[in-house]
Amino acid sequence: MYEELEIARAFVAQEAWAYEAAYRIHGGVLHAAALQVLRHDQDAQDCVHDVLLRLWRRGDAFRPARGSLRAFLAICVRNEALSRLRKAHNRERIEQSTEPVPDRADIAGGVVERESVRRALNELTEKQRQTIALAYFDRITLDEIAGRLGEPVGTVKSRLSTSLRRLRQIFTAEGSIDV
């Protein structure tokens, strides 16, 4: 069995065996930390897996001089679990507070005229149109949009919010919707 310091050094060097050893030794603690926040076993397992994978890809995150590997991993997992919980809560709040977007059949059927939508979208900037299309037509998450566009999630959130406000102004001015 490896010593903690040896595992920590190998973890920093991104040696595969160190990640396996860290999971074998600390996996129970990491899972418990995620489970305490997420309250669902599969979500907790996914959280631990994703954290270790992200750390593998970014080997410079852990510094042994700042603390133990166990504490570092537990904090990373807890932070990720909290982030997932916030995202789920925000997504739920948004879904409850907004009307559903008409599906393509409704648009074609005349609930919202296709030409009106096209005109409104053309009044947005290219980045705004792209963000709206990814969020509502491709139905991908803000994190995925940020990844595709190579921009911070905050920028994507802000742009999406601005775009939706602008579309509302356009449709209100046209008389297409009642606010």
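Is Arg39 buried or exposed? Arg39 is exposed, with a relative accessible area of 68%, where exposed means over 50%, buried means under 20% and partly exposed lies in between (1.4 Å probe, protein chains only). Welcome to this chain, which is a predicted model: local features need pLDDT of at least 70, side-chain atom pairs count only at pLDDT 80 or more, and totals for chains, interfaces and linings use all residues. Residues are numbered from 1 along each chain as its sequence is written, and side-chain values use heavy atoms, with hydrogens and water left out.

**The chain as a whole**

- The chain has 9 helices and 0 strands; helices (H or I, at least four residues) and strands (E, at least two) are DSSP runs, numbered from the N terminus.
- Of the 179 residues in the chain, 31% are buried.
- Contact means heavy atoms within 4.5 Å. Among contacts between residues at least 6 apart in sequence, 57% join residues at least 24 apart.

**Two loop residues with positive phi**

- Most residues other than glycine have a negative phi.
- Arg39 has a positive phi of about 60° although it is not a glycine, and its place is the loop between α2 and α3 (41-57).
- Gln14 also has a positive phi, near 60°, in a residue other than glycine.
- Gln14 sits in the loop between α1 (4-12) and α2, and it counts as partly exposed because its relative accessibility is 31%.

**Ala33 in helix α2**

- Ala33 belongs to helix α2 (residues 16-38).
- With a relative accessible area of 15%, Ala33 is buried.
- Ala33 and Leu73 are 40 residues apart along the chain, and their C-alpha atoms are separated by 9.9 Å.

- Which residues of helix α6 (residues 114-122) are buried? They include Ser116, Val117, Ala120 and Leu121.
- These residues cover an arc of only 130° around the axis, so they lie on the same side of α6; the arc is that of the directions from the helix axis to the C-beta atoms.
- The buried residues of α6 pack against α7 and α9 (153-174).
- The axes of α6 and α9 come within 10 Å and cross at roughly 130°. Axes here are lines fitted to C-alpha atoms, for helices over the stretch in contact, and angles run from 0 to 180 degrees between N-to-C directions.
- α6 and α9 are therefore oblique to each other. Angles under 35 degrees count as roughly parallel, over 145 as roughly antiparallel, 65 to 115 as roughly perpendicular and the rest as oblique.
- In this pair, α6 passes α9 in a right-handed crossing. A crossing is right-handed if the near helix is turned clockwise from the far one by less than a right angle, and left-handed if anticlockwise.
- On the α6 side, Ser116, Val117, Arg119, Ala120 and Leu121 meet Leu167, Ile170, Phe171 and Glu174 of α9.
- By class, the contact of α6 with α9 has 6 nonpolar, 1 polar and 2 charged residues. Ala, Val, Leu, Ile, Met, Phe, Trp, Tyr, Cys and Pro count as nonpolar, Asp, Glu, Lys and Arg as charged, and the others, Gly among them, as polar.

**Helix α7 against helix α8**

- At what angle do helix α7 (residues 126-137) and helix α8 (residues 142-149) pack? The angle is about 135°, and the axes are 10 Å apart.
- α7 and α8 are therefore oblique to each other, and α7 passes α8 in a right-handed crossing.
- Gln130, Thr131, Leu134 and Ala135 in α7 come into contact with Ile145, Arg148 and Leu149 in α8.
- Sorted by class, the contact of α7 with α8 has 4 nonpolar, 2 polar and 1 charged residues.

**Gln128, a residue to look up in α7**

- Gln128 is part of helix α7, and it is buried, with a relative accessible area of 13%.
- Not counting residues up to four places away in sequence, Gln128 touches Arg159, Thr162 and Ser163.
- The C-alpha atoms of Gln128 and Leu160 are separated by 6.8 Å, while the two residues are 32 residues apart along the chain.
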